[in-house]
Amino acid sequence: MISTITPNATTTSLEIPNSRLKIATFNLLNYLEPPFACYEFERIYSEQQWQKKQRWIRDYLAQCQPDVIGFQEVFSPASLQALVKECGYDYFSVIDECTVVDDFICSSPVVALASRYPITDAVAVTQDAALATEIGLADDFVFSREILRATVDLPHIGECDCYVVHFKSKRARLEHTEDEHLTGEENIIESLKANVAGGWASTIQRGSEATLLMVEMIKRKVETQKPMLLMGDFNNNLNDGVLSQLLTNNLRFVSKVDKDKFLEKYCLQDVWSLFTESDFYQGQSRQPTHYFGESSSVLDHILVSCEFDAKYNKSVFSVTDYDTYDRHLINPIFDRDGESTDHGIVLVTLQLRS
């Protein structure tokens, strides 16, 4: 299912300053309205918990004021659309719908996008099946979660293709079920083998999703020349090779002039890197967006095309700020943050170039 919600003709919008844009990616963590259950029958928010979660989201939006937000882990899109509309986001798009078993147990959440500016088109990105087979993937390969491409009519720059993703997690795709006919040690060994193989299977899926998406983004850019934003929970950092295709910086067998020209025009940049190159960067470290035990990592990212890169001579906006909202992760207060999210929220500020 693909749904685009837009305001009626009498709605007024575009009341924020047009010279600055704020873009956010926000993993909501199990946004599921009761009485539905999340994955298991007993995992249902009480009414008090649900209102607390709703309030936390409203507070973030009021405090940080993003103009365009890519959401992940959306089980209840109608409820989310109503919430963000109350907060001034008249435009909302969602693709797909979660899976419901036994009428109330939900799995497979979806992505969505909210905007203060008009959404003119919204589609699910489809992979090139022939290319997927050519690079060695199974004939029935599909994205683990549907990817949204919402075209937003932004001030000064016009229609911009905003992609929202939630790539495959690192959770192993294979699991060993304990076998009573095996010894304790044998069961552990089988679990270890499943973890090794299943973890690699998830990595292959995640990297393949990024590769096939990037190909589709390049195709779209060639066809329309529209600026591009890619945001979401990538479930991976950007520098270990798995997602390196998203930041392609090499083009073989062409002249240096052509290489630089086409990489600049059709590829993406990490906004953090653009921020560190700007005059606004003060030497601060990049904050993690997720913590697991004693480890931490940056899993949530926003990537942009050349129209937002100050080094590009035809760019319209430049990156002037980068923020990771994480107080609920590093200094949580239960009364305030008890029903928040397990991810930091990345917010980037883009300023119109003079």
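1. Of the chain's 354 residues, 48% count as buried, where buried means under 20% relative accessible area, exposed over 50%, and partly exposed in between (1.4 Å probe, protein chains only). This is a predicted model, in which local features need pLDDT of at least 70 and side-chain atom pairs count only at pLDDT 80 or more, while totals for chains, interfaces and linings use all residues. Residues are numbered from 1 along each chain as its sequence is written, and side-chain values use heavy atoms, with hydrogens and water left out.

2. On confidence, the mean pLDDT of the chain is 90, and 92% of its residues reach 70 or more; pLDDT is the predictor's confidence in each residue, from 0 to 100. The exception to note is residues 8-16, over which pLDDT stays under 50 and for which the model has 11 contacts beyond four places in sequence, a contact being heavy atoms within 4.5 Å. Where pLDDT is low, the predicted coordinates should not be read in detail.

3. As to the overall fold, the chain holds 8 helices and 18 strands, taken as DSSP runs numbered from the N terminus (helices H or I, at least four residues; strands E, at least two). Its radius of gyration is 21 Å, close to the 20 Å that the globule rule gives for 354 residues, so the chain is as compact as a globular protein of that length; the radius is taken over C-alpha atoms, and the rule is 2.2 Å times the number of residues to the power 0.38. The C-alpha trace spans about 70 × 55 × 40 Å along its principal axes. Among contacts between residues at least 6 apart in sequence, 74% join residues at least 24 apart.

4. The largest nonpolar core has 33 residues, of which Leu113 and Met231 touch the most other members; such a core is a set of buried Ala, Val, Leu, Ile, Met, Phe, Trp, Tyr and Cys residues joined through side-chain atoms within 4.5 Å. Apart from this core lies another, of 26 residues, including Ala24, Val110, Ala114 and Leu347. When residues up to four places away in sequence are not counted, the residues that leucine 113 touches include Val68, Ile69, Phe92, Leu148, Val164 and Met231.

5. Met231 belongs to strand E12 (residues 228-233), in which 6 of 6 residues are buried. Met228, Leu230 and Gly232 point one way from E12, whereas Leu229, Met231 and Asp233 point the other way. In a regular strand the side chains alternate between the two faces of the sheet.

6. E12 pairs with strand E11 (residues 158-166) in the parallel sense over 6 bridges, and 5 bridges join E12 to strand E16 (residues 300-304), running antiparallel; two strands pair if DSSP finds at least two bridges between them. Leucine 230 in E12 takes part on both counts, as the bridge partner of tyrosine 163 and as the residue opposite leucine 303 in E16.

7. A separate point concerns an open sheet of 3 strands, which has the order E3-E7-E6 and mixed pairing. Its edge strands are E3 (37-38) and E6 (99-101), each of which pairs on one side only. E6 and strand E7 (residues 105-107) pair in the antiparallel sense over 3 bridges, and valine 101 stands opposite isoleucine 105 in E7.

8. Serine 208 is placed in helix H4 (residues 184-224) and is buried, with a relative accessible area of 8%. A polar atom of the serine 208 side chain lies 2.6 Å from the backbone oxygen of isoleucine 204. Leaving aside neighbours within four places in sequence, serine 208 is in contact with Leu137 and Phe141.

9. Several backbone features deserve a check. Most residues other than glycine have a negative phi, and most peptide bonds are trans. The peptide bond from proline 34 to proline 35 is cis, with omega near 15 degrees, and proline 35 is found in the loop between strand E2 (20-31) and E3. Tyrosine 39, in the loop between E3 and helix H1 (47-64), has a positive phi near 70 degrees and is partly exposed at 39% relative accessible area. Aspartate 96, in the loop between strand E5 (91-95) and E6, has a positive phi of about 65 degrees although it is not a glycine, and counts as partly exposed at 27% relative accessibility.

Methods
Polar contact = N/O pair within 3.5 Å; in protein donor to acceptor, adjacent residues only side chain to side chain.
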